[in-house]
Amino acid sequence: MNTVIGNEALVLDSAKRYSHINFYGLNPGLIKTNIRSNTLGKDSIKFRIIESLVGLLSQSPETYAERVVPLLFTPKIEGHNGAMFNRKALAIHPSTTMTNDYVGAFIKASEELVNRVKTNRLK
């Protein structure tokens, strides 16, 4: 769930920081893709089992695209900077922890981590 919280924080912070650009959060849930191959091993039995289960229990990438692409091109989305949408392209509320203070602290900690990594690479 760290990626969900991170994505929400990025959307909310960016919508506030760059108000002249619209940002939207997309939360498709689990979708059968190769994204987990990095962690599970591309051709491992563990990867194949998990991806098979995900494929059986969740929507396909094609179904998600059919739902979300029209949303992203409708003029009605304008004026809803920072809005987030679920796997059915329906508007959802941010997580309850996503207060302005929490988002600010999350982004600050993330920026500090990136700067620390950059500094260590330069050494």
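Predicted model: local features only at pLDDT ≥ 70, side-chain atom pairs only at ≥ 80, totals over all residues.
**Exercise 1. Is Glu-111 buried, partly exposed or exposed at 38% relative accessibility?**

Residues are numbered from 1 along each chain as its sequence is written, and side-chain values use heavy atoms, with hydrogens and water left out.

Solution. Step one: get the cut-offs. Buried means under 20% relative accessible area, exposed means over 50%, and partly exposed is in between (1.4 Å probe, protein chains only). Step two: apply them. Glu-111 has 38% relative accessibility, so it counts as partly exposed.

**Exercise 2. Find the salt-bridge partner of Glu-111 and say which helices the pair ties together.**

Solution. Step one: recall the rule. A salt bridge is a side-chain nitrogen of Lys or Arg within 4 Å of a carboxyl oxygen of Asp or Glu. Step two: look for the partner. Arg-17 pairs with Glu-111, and their closest N and O atoms are 3.4 Å apart. Arg-17 sits in helix α1 and Glu-111 in helix α5 (residues 100–122), so the bridge ties together parts that are 94 residues apart in sequence. Helices here are DSSP runs (H or I, at least four residues), as are strands (E, at least two), numbered from the N terminus. Step four: check the cover. Arg-17, with a relative accessible area of 42%, is partly exposed.

**Exercise 3. Work through the salt bridge between Arg-36 and Glu-51.**

Solution. Step one: take the distance. The two side chains meet at 2.4 Å, N to O. Step two: locate the partners. Arg-36 is in the loop between β1 (25–26) and α2 (37–40), Glu-51 is in helix α3, and the two are 15 residues apart. Step three: check the cover. Arg-36 and Glu-51 are both buried.

**Exercise 4. How many residues apart are Lys-108 and Glu-112 in helix α5?**

Solution. Step one: count along the helix. They are 4 residues apart, which means about one helical turn separates them. Step two: confirm the bridge. Their closest N and O atoms are 4.0 Å apart, and the pair forms a salt bridge. Step three: compare with the cut-offs. Lys-108 is exposed at 52%, whereas Glu-112 is partly exposed at 44%. Step four: step back. Salt bridges that share partners join Asp-13, Arg-17 and Glu-111 into one network, and the structure holds 4 salt bridges.

**Exercise 5. What does the side chain of Glu-8 reach?**

Solution. Step one: find the residue. Glu-8 lies in helix α1 (residues 2–17). Step two: look for a charged partner. Glu-8 is buried and has no salt bridge, with Arg-87, the nearest side chain of opposite charge, 14 Å away. For that search, Lys and Arg count as positive, Asp and Glu as negative, and His and the chain ends are not counted. Step three: follow the side chain. It reaches the backbone nitrogen of Ser-95 at 2.8 Å.

**Exercise 6. Which residues does Gly-82 contact, leaving aside its neighbours within four places in sequence?**

Solution. Step one: locate Gly-82, which is in the loop between α4 and β2. Step two: list its contacts (heavy atoms within 4.5 Å). They are Val-11, Leu-12, Ala-15 and Phe-23. Step three: check the cover. Gly-82 has 12% relative accessibility, so it counts as buried.

Methods:
Polar contact = N/O pair within 3.5 Å; in protein donor to acceptor, adjacent residues only side chain to side chain.
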